[in-house]
Amino acid sequence: MNTAIIIAGGTGVRMGLEVPKQFALVEGKPVLIYTLQAFQDHPSIDSIGVVCVDGWNDILHDYALEYGITKLDWIIPGGATAQESIYSGVRHLEGVCHPNDTVVIHDGIRPLVDASVISGVLATCHQYGNGVASLPYNEQIFRIDADEDYSTVEYIPRDTLRRVSTPQAYHYDVLASRYKEAFEKGVGIGKSAYTNTMMVDLGERLYFSVGSDKNIKLTNPDDLALFQALLRKPTELPSSLTMSF
């Protein structure tokens, strides 16, 4: 079984909206519904669960009925951080998922995730035990000088870097045991941590799958405007990019 956990627990303060950004209406439809429809329409996704910002569960349930999100099986409240929200979703699957079932974790505010990207993380996970969407890094990265934080004498070769985002897929047994370990030890659960960074902190090797430049995360008003533009002109960016190693 392939289950998607959609993380929609944030409030989106930086967006400056009166509603959480995942519920902002774009072309008359909530952002989160675009995300859910991508997983609803994917033939390999069997079940969807949402970790939702507190107080919006009933509203999301009504939207799901309105837009035919029939794979949505549960909605639970989010935590104070992304890691707490994800762990809540993982715990909710206890007794539901078998050890080798695949769990796909995705940000609710990445509404332009392509079917090919979802298929990629599933295939990579089935082969290696996990799969994370990634892209080459195309900018130059320099280290800040320790003594002069306005200058540098060292760069990081960009061909050694990858940008990793969601979706990410993991076998349920490893995902559940690693989250339990992380919260017991206080490892990999900081404010900026996510499943991928936690896994590496705990010694797991991650495997890259194909990502997409179109799979943007809606963080500020400019991102929302870009999302709207891409909806109107979907061919502006390629759906996916082949990675070179």
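Predicted model: local features only at pLDDT ≥ 70, side-chain atom pairs only at ≥ 80, totals over all residues.

Entry 1, cysteines. I began with Cys125, which is buried at a relative accessible area of 0%; buried means under 20% relative accessible area, exposed over 50%, and partly exposed in between, with a 1.4 Å probe and protein chains only. The sulfur of Cys125 lies 12 Å from the closest cysteine sulfur, in Cys97, too far for a bond. I took a disulfide to be a pair of cysteine sulfur atoms within 2.5 Å. By this rule I count zero disulfides. Cys52 is in none either, as the nearest cysteine sulfur, that of Cys97, is 20 Å away. Cys52 is also buried, with a relative accessible area of 0%.

Residues are numbered from 1 along each chain as its sequence is written, and side-chain values use heavy atoms, with hydrogens and water left out.

Helices (H or I, at least four residues) and strands (E, at least two) are DSSP runs, numbered from the N terminus. I looked up β10, residues 162-171, and found eight of its ten residues buried. Two strands pair if DSSP finds at least two bridges between them. Strand β6 (residues 102-107) pairs with β10 in the antiparallel sense over four bridges. Strand β7 (residues 130-136) also runs antiparallel to β10, joined by six bridges. Which residue of β10 is the bridge partner of Ile105? It is Gln168, and Gln168 is the bridge partner of Val132 too.

I used a side-chain nitrogen of Lys or Arg within 4 Å of a carboxyl oxygen of Asp or Glu as the rule. The structure holds nine salt bridges. One of them joins Glu27 and Arg232 at 2.9 Å, N to O. Glu27 sits in the loop between β2 (25-26) and β3 (29-30) and Arg232 in helix α7 (residues 221-232), 205 residues apart. Glu27 is partly exposed at 44%, and Arg232 is exposed at 58%.

Arg178 forms a salt bridge with Glu181, the closest N and O atoms being 2.7 Å apart. The two are three residues apart in α5 (residues 172-185), so about one helical turn separates them. Glu181 also meets Lys185 in a salt bridge of 2.8 Å, N to O. Arg178 is buried at 16% and Glu181 at 18%, while Lys185 is exposed at 58%. I logged Arg178, Glu181, Lys185 and Glu204 as linked in a network of salt bridges.
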